[in-house]
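I opened this notebook to record what I looked up in the structure below. The entries follow the order in which I consulted it.

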Amino acid sequence: MPKTYHLMYLLDEVESPQWSHLHRFIHPGSRNESGWKSIFCADLDMSGAFISCLAKDFSGGKAKKLFLRHGLVASIIEVASHEKPFGFKNLEEELGEK
């Protein structure tokens, strides 16, 4: 069974200084886009008081476990990965899992 990954799109509220600790997890391609701030993650769990996931740290660090308020997330897109992706980046390597 392929492992699933997610892109979580956040509300523009995440740009405020209050959420500056999350800025390193925002995908660089979406950082300057209004309404399109996204986080690339695995192991998504939405069952608790917070949304938790293992998020890629784009500042060069290892992936970290994040706990986000439900109110910060605008939408979530699931991306499926395969053992040997054809024509796409290996998403496990992207998160630093291999």
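**Entry 1**

I began with Arg 24, which counts as partly exposed at 38% relative accessibility; I use buried for under 20% relative accessible area, exposed for over 50% and partly exposed for values in between (1.4 Å probe, protein chains only). The model is predicted, so I note that local features need pLDDT of at least 70, that side-chain atom pairs count only at pLDDT 80 or more, and that totals for chains, interfaces and linings use all residues. Residues are numbered from 1 along each chain as its sequence is written, and side-chain values use heavy atoms, with hydrogens and water left out.

I then looked up the partner of Arg 24: a salt bridge joins Arg 24 to Asp 57, with the closest N and O atoms 3.1 Å apart. My criterion for a salt bridge is a side-chain nitrogen of Lys or Arg within 4 Å of a carboxyl oxygen of Asp or Glu. Asp 57 sits in the loop between β3 (51–55) and β4, and Arg 24 in the loop between β1 and β2, so the pair ties together parts 33 residues apart in sequence. Asp 57 counts as buried, at 3% relative accessibility.

**Entry 2: the other salt bridges**

I find a count of three salt bridges. One of them joins Arg 69 and Glu 13 (3.6 Å, N to O). Arg 69 lies in the loop between β4 (64–68) and β5 (73–80), and Glu 13 in the loop between β1 (4–10) and β2 (37–45), 56 residues apart. Both are partly exposed: Arg 69 has a relative accessible area of 33%, and Glu 13 stands at 35%.

Glu 15 and Lys 37 also meet in a salt bridge (3.8 Å, N to O). Glu 15 is in the loop between β1 and β2, whereas Lys 37 is in strand β2, 22 residues away. Glu 15 is partly exposed at 42%, but Lys 37 is buried at 2%.

**Entry 3: cysteines**

I count zero disulfides, taking a disulfide as a pair of cysteine sulfur atoms within 2.5 Å. Cys 41 is buried, with a relative accessible area of 0%, and Cys 53 is buried with 0%.

**Entry 4: overall layout**

I read the pattern along the sequence as β-β-β-β-β-α; helices (H or I, at least four residues) and strands (E, at least two) are DSSP runs, numbered from the N terminus. Of the 98 residues, 34% count as buried.
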